[in-house]
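Open the model in your viewer and keep the selection tool ready. Each stop below says what to pick and what is there.

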Amino acid sequence: MILVMRPEASHEQIEHVIKTVEELGFTPHVSRGETRTIVGVIGDETKPQTQNFAAIPGVEQVLAIQKPFKLASREFSKQDSAVYVGKVKIGQGSLAMIAGPCAVESYEVMDAVGKYVKAGGANILRGGAFKPRTSPYAFQGMGEDGLKILRDVGQKYGMPVVTEVMDPRQVDLVVRYADMLQIGARNMQNFDLLKECGKTKTPVLLKRGMSATVKDLLMSAEYVLAEGNKDVVLVERGVRSFEDSTRNMLDLSAVPNVKGQSHLPIIVDPSHATGRPDLIPAMCRASVAAGADGVHVEVHNCPEKALSDGPQALLPHQFLDLMGDLRRLAGALDRQFWAPSEN
Ligand code: PEP
Ligand code: MN
């Protein structure tokens with residue numbers, strides 16, 4: 001449930017509410033808005049003590065949240081949330097362009113791709129060091145060596161970095177190198193991993209599972225939020241369908257669907273959704289038009305030699321053209337891709 005504080009509630013009253021909620025055996029999650037503060041209360045709502053919440057000084061209203069996800073819900077925050085990855089703002093009109101190779105393969109490839117995507121206007125660099133491959137014989141990623149390369153190249157070009165973490169036991173290691181933790185589609189319901197990432201202060205990029213509903217995605221986000229990490233960005237990356245001419249089926253309606261139900265930013269990954277460079281630019285444009293808070297694409301300087309997902313990688317010049325179109329489109333919609341010079 002949600003305790004809506006009066007606009008004039010004092011700092012002491014808010015602190016008193018937080019303390020009282022804790023004393024009654026619930027967990028408070030505070031959201032300080034521009035005009036008023038609200039306190040999300042997580043715990044057993046059938047407890048009789050919940051009836052006393054309305055009597056705490058400074059509380060204006062007690063609202064039950066009907067949705068199974070609470071902290072992720074629109075009820076918890078009417079205002080869209082923004083998530084900062086380093087200095088890069090995602091949400092509230094500020095768009096992310098997350099780009100890079102599928103996997104970190106070598107310093108040389110990472111450096112070449114990093115240079116190109118930076119020049120094109122990417123603001124976050126990606127690259128997997130731990131790869132969830134369908135085949136155990138396929139390239140599994142460079143591990144910690146890959147994390148170091150990614151961090152070094154990110155620093156060289158002034159971009160924060162995002163990389164996938166596949167196992168709760170890897171979280172301590174990955175947070176030492178990454179500015180954002182990616183939870184991949186295959187791990188969207190790895191609840192121990194969600195909880196472990198939720199205990200960190202590092203923003204989380206949570207990808208929709210390949211057969212997950214929008215509600216499942218928001219429930220998974222709730223796991224991270226409930227542990228205290230408020231910085232979750234959702235990703236629509238396509239779901240399995242009967243269509244076999246694309247890798248997955250991009251569910252673009254997930255963008256406004258999520259926005260109606262949640263305050264969290266959502267971005268779109270047309271690379272994994274379509275698996276086809278000829279479709280990726282159009283789906284990126286459609287994503288921005290649909291209200292996404294950014295786009296995520298894979299880029300490689302030599303896709304034919306890539307160790308994973310080569311066939312879906314954009315070439316550097318394709319990325320450059322795409323960014324030109326997306327910038328114009330974003331501008332027309334009163335939004336912009338975050339860039340260091342403007343901030
Ligand atoms: C990836 O981003 O390289 C990846 C494996 O994505 P997904 O989890 O969406 O398949
Ligand atoms: Mn990939």
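Select D167: at 19% relative accessibility, D167 counts as buried (under 20% relative accessible area; exposed is over 50%, partly exposed in between; 1.4 Å probe, protein chains only). D167 sits in the loop between β9 (161-164) and α4 (171-175). Helices (H or I, at least four residues) and strands (E, at least two) are DSSP runs, numbered from the N terminus. A polar contact of 2.7 Å links the side chains of D167 and R169. Such a contact is a pair of N or O atoms within 3.5 Å; within protein, one must be able to donate a hydrogen and the other to accept it, and residues adjacent in sequence count only if both atoms are side-chain atoms.

A word on the ground rules. This is a predicted model: local features need pLDDT of at least 70, side-chain atom pairs count only at pLDDT 80 or more, and totals for chains, interfaces and linings use all residues. Residues are numbered from 1 along each chain as its sequence is written, chains are lettered from A and ligands numbered from 1 in the order in which they are written, and side-chain values use heavy atoms, with hydrogens and water left out.

Next, ligand 1. Show the residues near it (a heavy atom within 4 Å); among them are C102, K131, E164, R186 and H272. From an oxygen atom of ligand 1 to an N or O atom of the side chain, the distance is 2.6 Å for R237, 2.9 Å for Q182 and 3.3 Å for E298.

Move to the largest pocket. Its volume is about 640 Å³. Select S31, G33, F76, S77 and Q79: of its 28 lining residues, these lie nearest the centre. A pocket, on a 1 Å grid over the protein atoms alone, is an open set of points where a 1.4 Å probe fits, with protein on both sides within 12 Å along at least five of seven lines; lining residues have an atom within 4 Å of a point. Colour β1 (2-5) and β2 (27-32); each supplies at least two lining residues. β2 gives the most, with 4 residues. Domain 1 (2-63) and domain 2 (83-342) each contribute at least three residues.

Last stop: the second largest pocket, with a volume of about 230 Å³. Select P132, R186, R247, H272 and D309, which lie nearest its centre among 17 lining residues.

Technical notes
Points joined across faces, edges and corners; volume = space filled by probe spheres on them. Domains from an automatic or database assignment.
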